[in-house]
Amino acid sequence: MKRKIYLESDFDFFKGEVIGTVLVLSFKDNLMLRATSLAAKSTILDYLDQLSHTDAIKVLLVVSSPNKAGREEYCQFYNQVIQSALGVNAVHKLFHAVDDLILKIKEINQIVIHADSGNVLPLFLNISLACDYRIVADNTVFQNPCLEYGLVPKGGGAFFLCKMLGYCQAKQLLMSDKDISALEALKIGIVDQIVPNNKLEDT
């Protein structure tokens, strides 16, 4: 039996706030490291499962932390994991956590909007691609350091991008290590709206 989790809650790595018929789910810092915890993964999946069983909430707004990891922090994370006792199992836990989170987002009945800013790695882009609508701040930069480690970005990115952009453009995007600005992302079609960074929360 799953434990009761109230939607208006504050957890170690995310916070839930109800505003009318909208649930704002805000991720906190160090999400990559926190996602390697099985307890953390269980908490957010139980939370979203509870959301899917209520009619009071019509929209889920997922807000990424503006201080999340960029390219350098991503590389440091993998170097630390490789050199630590955790080894590759920590990476597998992270990948499985992202996969399960994305499957849960696609499963719920509410409209899901994703708001982001700053550096966006493939893992977080894929969470965004699973949502129905994507808003980013004008300082957003999409980065793909996965190629440096010979890794495929987990979380269904190839699936979502092929459906959105077609096979050829999706392949070019996944195989490129070039940073993509918010404006370029809008032109490509992987975001729906750009707003000034200081207006993101209001928007």
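So, E2 and E3: these two strands pair in the antiparallel sense, over six bridges. Two strands count as paired here if DSSP finds at least two bridges between them. Helices (H or I, at least four residues) and strands (E, at least two) are DSSP runs, numbered from the N terminus. If you want one spot to look at, take Lys15, whose bridge partner in E3 is Ser26.

Before I go on, this is a predicted model, where local features need pLDDT of at least 70 and side-chain atom pairs count only at pLDDT 80 or more, while totals for chains, interfaces and linings use all residues. Residues are numbered from 1 along each chain as its sequence is written, and side-chain values use heavy atoms, with hydrogens and water left out.

Okay, back to the strands. E2 and E3 belong to an open sheet of seven strands, in the order E1-E2-E3-E4-E5-E7-E10, and the pairing is mixed. At the edges you have strand E1 (9–10) and strand E10 (193–195), each pairing on one side only.

There's also an open sheet of three strands, E6-E8-E9 in order, again with mixed pairing. Strand E6 (119–120) and strand E9 (180–181) each have a single partner strand, so one side of each is left without a neighbour in that sheet. E6 and strand E8 (residues 141–142) run parallel, joined by two bridges, and Val120 stands opposite Phe142 in E8. Overall, the protein comes to eight helices and 10 strands.

Now the aromatics. A search of the whole structure turns up six aromatic pairs. For a pair, ring centres of Phe, Tyr or Trp (its six-membered ring) must lie within 6.5 Å; planes under 30 degrees apart are stacked, over 60 edge-to-face, and the rest tilted. Phe13 and Phe14 make an edge-to-face pair, 5.1 Å centre to centre with 80° between the planes. Phe14 also pairs edge-to-face with Tyr47, at 5.0 Å centre to centre and 70° between the planes. That pair links distant parts of the chain, with Phe14 in strand E2 and Tyr47 in helix H2 (residues 38–52), 33 residues apart.

And are Phe14 and Tyr47 buried or exposed? Both are buried, where buried means under 20% relative accessible area, exposed over 50%, and partly exposed in between (1.4 Å probe, protein chains only). Phe14 has a relative accessible area of 0%, and Phe13, with 6%, is buried too. Ring pairs link Phe11, Phe13, Phe14, Phe27 and Tyr47 into a cluster.

Staying with burial, helix H5 (residues 122–129) is mostly covered: eight of its eight residues are buried. Among them are Phe124 and Asn126. Across the 203 residues of the protein, buried ones make up 48%.

Last stop, the largest pocket, with a volume of about 590 Å³. A pocket, on a 1 Å grid over the protein atoms alone, is an open set of points where a 1.4 Å probe fits, with protein on both sides within 12 Å along at least five of seven lines; lining residues have an atom within 4 Å of a point. The volume is the space filled by probe spheres set on the points, which are joined across faces, edges and corners.

Which residues lie nearest the centre of the largest pocket? Those are Val24, Leu61, Val63, Leu200 and Glu201, out of 22 lining residues. The elements giving two or more residues to the lining are strands E2 (14–19), E3 (22–27), E4 (59–63) and E5 (111–116).
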